[in-house]
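Please read the points below with the sequence and the model open side by side. They go from the whole chain to single residues.

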Amino acid sequence: MPTLQDLNPRQINEAVLAAVERHVPVAVTLPSGPSWTTVNGRVLAIRNGHLLLELPPTDTAPATQTFNPADKVGISFKLKHHKHIFTATVICKELFRLEDAREVPVLRLCPPREMQRLQRRAYFRVEVPGNRIVRASFWLGGKSLEPTGGSPTTPVWSGRVANLSAGGCQVQTDRGAAEALEEGDVVGMRLIFGVAEETVYTDGEVRHADVVADKTSVGFKFLGLEQTQEGAAILQFLARKISEFQKATETAVSSKA
């Protein structure tokens with residue numbers, strides 16, 4: 001079975017029904033200017049052929065959260081051994097009355113016609129083997145705001161990717177990055193793999209920055225990959241590289257045993 005699989009209509013229906021039955025947690029990703037906003041909720045119900053997602057209360061939701069009819073949003077949820085991803089069209093945001101009479105905000109969506117599932121092991125971090133090199137460059141503001149050249153006012157940092165998953169990566173870089181970046185900052189990223197210089201661009205969110213001696217390790221979460229066909233292709237590429245690294249690591253361990 002491929003790491004990233006396109007589901008047929010029957011499989012999509014089965015996945016949606018299973019998610020509704022279990023009320024699984026869901027991540028909703030939507031554009032926010034040049035960046036992205038992610039809202040966490042849960043799959044709630046199917047009503048009149050539409051998929052309803054329960055959203056967090058307004059007073060705890062991100063301040064930038066807005067949903068308008070016809071918006072395209074990225075949806076992802078975990079089910080068994082896979083992460084399911086698809087793009088859906090917003091119908092409206094409304095209140096829904098639960099069985100206990102509480103009213104909760106929900107997002108009403110058109111049901112997905114296309115869906116992909118990615119093996120969850122692709123989201124496990126794998127160390128980049130010592131004989132492989134993955135380089136990263138990153139800058140503030142998202143991939144669409146890549147500076148034409150680094151300067152004190154528009155710096156571009158670079159470093160070596162230490163570990164990687166379909167959900168993010170950790171980059172070993174210099175102290176200047178830690179001094180400039182804060183948790184939650186959105187950056188644009190360029191990842192270059194090996195001597196063939198296979199390159200992908202993505203948006204990322206800073207999750208942490210740790211300084212040890214003169215080295216800085218910055219952790220990133222990838223953003224928006226479930227939103228577009230380009231993002232799906234990047235996920236497929238990352239999953240393939242992760243599988244290669246996993247096999248290389250297993251081979252190295254076996255040879256030492």
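1. Contacts along the chain. A contact here means heavy atoms within 4.5 Å. Among contacts in the protein between residues at least 6 apart in sequence, those joining residues at least 24 apart make up 61%. This is a predicted model, in which local features need pLDDT of at least 70 and side-chain atom pairs count only at pLDDT 80 or more, while totals for chains, interfaces and linings use all residues. Residues are numbered from 1 along each chain as its sequence is written, and side-chain values use heavy atoms, with hydrogens and water left out.

2. Overall build. The protein has three helices and 15 strands; helices (H or I, at least four residues) and strands (E, at least two) are DSSP runs, numbered from the N terminus. Its radius of gyration is 20 Å, close to the 18 Å that the globule rule gives for 257 residues, so the protein is as compact as a globular protein of that length. That radius is taken over C-alpha atoms, and the globule rule is 2.2 Å times the number of residues to the power 0.38. Along the principal axes, the C-alpha atoms fill a box of roughly 55 × 45 × 30 Å.

3. Burial. Of the 257 residues in the protein, 47% are buried. Buried means under 20% relative accessible area, exposed over 50%, and partly exposed in between (1.4 Å probe, protein chains only).

4. One residue as an example. Gln11 is placed in helix α1 and counts as buried at 16% relative accessibility. Leaving out residues up to four places away in sequence, Gln11 touches Gln5, Asp6 and Arg117. Gln11 and Val200 are 189 residues apart in sequence, and their C-alpha atoms are 30 Å apart in space.

5. Salt bridges. Side chains of opposite charge can pair when their charged atoms come close. The rule used here asks for a side-chain nitrogen of Lys or Arg within 4 Å of a carboxyl oxygen of Asp or Glu, and by this rule there are ten salt bridges. One of them joins Arg10 and Glu14, with the closest N and O atoms 2.8 Å apart. Both residues sit in helix α1 (residues 9–22), and because they are four residues apart there, about one helical turn separates them. Glu14 is partly exposed, at 44% relative accessibility.

6. A second pair. Arg102 and Asp100 also form a salt bridge through their side chains (2.8 Å, N to O). Arg102 is partly exposed, with a relative accessible area of 45%, and Asp100 is partly exposed at 46%.

7. Which parts does the salt bridge between Glu198 and Lys241 tie together? The two side chains meet at 2.8 Å, N to O. Glu198 lies in strand β14 (residues 198–212) and Lys241 in helix α3 (residues 229–256), so the pair ties together parts that are 43 residues apart in sequence. Glu198 is partly exposed, with a relative accessible area of 30%, whereas Lys241 is buried at 10%. Through shared partners, salt bridges join Arg132, Glu198, Lys241 and Glu244 into one network.

8. Rolling a probe the size of a water molecule over the atoms shows where empty space is left. On a 1 Å grid over the protein atoms alone, a cavity is a set of points where a 1.4 Å probe fits but cannot get out, and a pocket is an open set with protein on both sides within 12 Å along at least five of seven lines; lining residues have an atom within 4 Å of a point. Grid points are joined across faces, edges and corners, and a volume is the space filled by probe spheres set on the points. The largest pocket has a volume of about 610 Å³. Its lining has 28 residues, of which Ser76, Lys78, Lys83, Tyr123 and Lys221 lie nearest its centre.

9. The largest cavity. There is one cavity of 30 Å³ or more, and about 40 Å³ of space lies in the largest cavity. Val16, Ala19, Val43, Leu51, Leu53, Ile75, Phe77 and Phe86 line this cavity. Two or more of the lining residues come from each of α1, β4 (50–54) and β5.
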